[in-house]
Structures are given as C-alpha cells and as structure tokens.
Amino acid sequence: MYKKINILIIATALCMLAASCTDSKSPSGIAESFLHLMVKGDFDKAIEFYAANSEDGSMILMFKDKIKASLRDDKIKSYKIVSEEISDDGKRATVTYTTISSNGNTKSGKVKFVKRDGVWKIKDDYNK
C-alpha cells in the first residue's frame, strides 16, 4: 500500500517538475496554456491571451465565438507543441501545434503572436 502511495507521490512530483520547466511567458508556453484552456473549455480564460485591437471588446467577442464554433462538434482531447519561430526583430512569433480531437481527428495548426508592451499575445487575422 505504501509503495503505491510513494509511486503516486513521485509521479505527481515529476509532473509538477515537467510543468514548471515550461516557460509560460514564451510563445510556446502561452500556446500551451491556451490549448490547455481550450481542452478544459475555459474560453473566458483563453481569451486573455488574445491581442485585441478594439476598445469596445467586439473583436474579443468575435474571436471567442470563432473558437467556440470551431470546437462545437470536435473538442480537443490532447495537443502537442511542435515548433516555435520568432522573427528576427523579436516582435512576431509563430507556434506550430497538433491536436487530437475527441473524434480521433488529428489536425495541425499555427498560432501567430505579436509582442505588445513586452508581452506575447495571440494575433488573430483581424489584427494587422
């Protein structure tokens, strides 16, 4: 019994260590946090990573609706960050990822980032 508890404690500690090694402020770290929130269905938190241009929040609502619509029939079950590319000027980045949906479909995608006030934010097509 104690052996199983010790194994569980060690496994939990290793998971926590692995999670703490991810740079949550890098584009890859933010993309991972964003995808994790998508798996959980926490769209309100996921939107916090979005770089909105509109003062009234209409672009954020549009982005949120776009995300919900894309996941309506095919929810993300798991994901993997494949690569990260940062522009030479350090102001733009692209993170490539793959997802596996609850229906078993595998998709590749890219998240584009823009650096605003020293913070990486997700850039949508609406942000030029």
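Let's begin with Thr96, which lies in strand β2, spanning residues 92-101. Keep in mind that this is a predicted model.

Is Thr96 buried or exposed? Its relative accessibility is 18%, and buried means under 20%, so Thr96 counts as buried. Which residues does Thr96 touch, leaving aside those up to four places away in sequence? They are Lys80, Ile81, Val82, Ser83, Gly109 and Lys110. Among these, Lys110 in β3 is the residue that stands opposite Thr96.

Now look at the strands together. The open sheet has four strands in the order β1-β2-β3-β4, with antiparallel pairing. At its edges stand β1 (76-86) and β4 (119-123); each has a single partner strand, so one side of each is left without a neighbour in the sheet. On average, neighbouring strands are turned by 35° against each other, direction ignored.

| Strand pair | Sense | Bridges |
|---|---|---|
| β1 and β2 | antiparallel | nine bridges |
| β2 and β3 | antiparallel | nine bridges |
| β3 and β4 | antiparallel | five bridges |

**The turns between strands**

Two hairpins are worth a look. The hairpin of β2 and β3 has four residues between the strands, and Gly104 there takes a positive phi near 90°. In the hairpin of β3 and β4, two residues sit between the strands, and Asp117 has a positive phi near 50°.

**The helix across the sheet**

What lies across β1, β2, β3 and β4? Helix α2 does, running at about 165° to β1. This helix covers residues 27-40, which makes 14 residues, and reaches 20 Å from its first C-alpha to its last, close to the 20 Å expected at 1.5 Å a residue.

Which residues of α2 are buried? They are Pro27, Ser28, Gly29, Ile30, Ala31, Phe34, Leu35, Leu37 and Met38. After α2 comes Gly41, whose phi is positive, near 80°.

Note on methods:
Residues numbered from 1 in each chain as written. Predicted model: local features only at pLDDT ≥ 70, side-chain atom pairs only at ≥ 80, totals over all residues. Heavy atoms only, no water. Expected span 1.5 Å × (residues − 1). Buried < 20%, exposed > 50% of the residue type's maximum accessible area, 1.4 Å probe, protein only. Contact = heavy atoms within 4.5 Å. Pairing = 2+ DSSP bridges. Axes fitted to C-alpha atoms, helices over the stretch in contact; angles between N-to-C directions.
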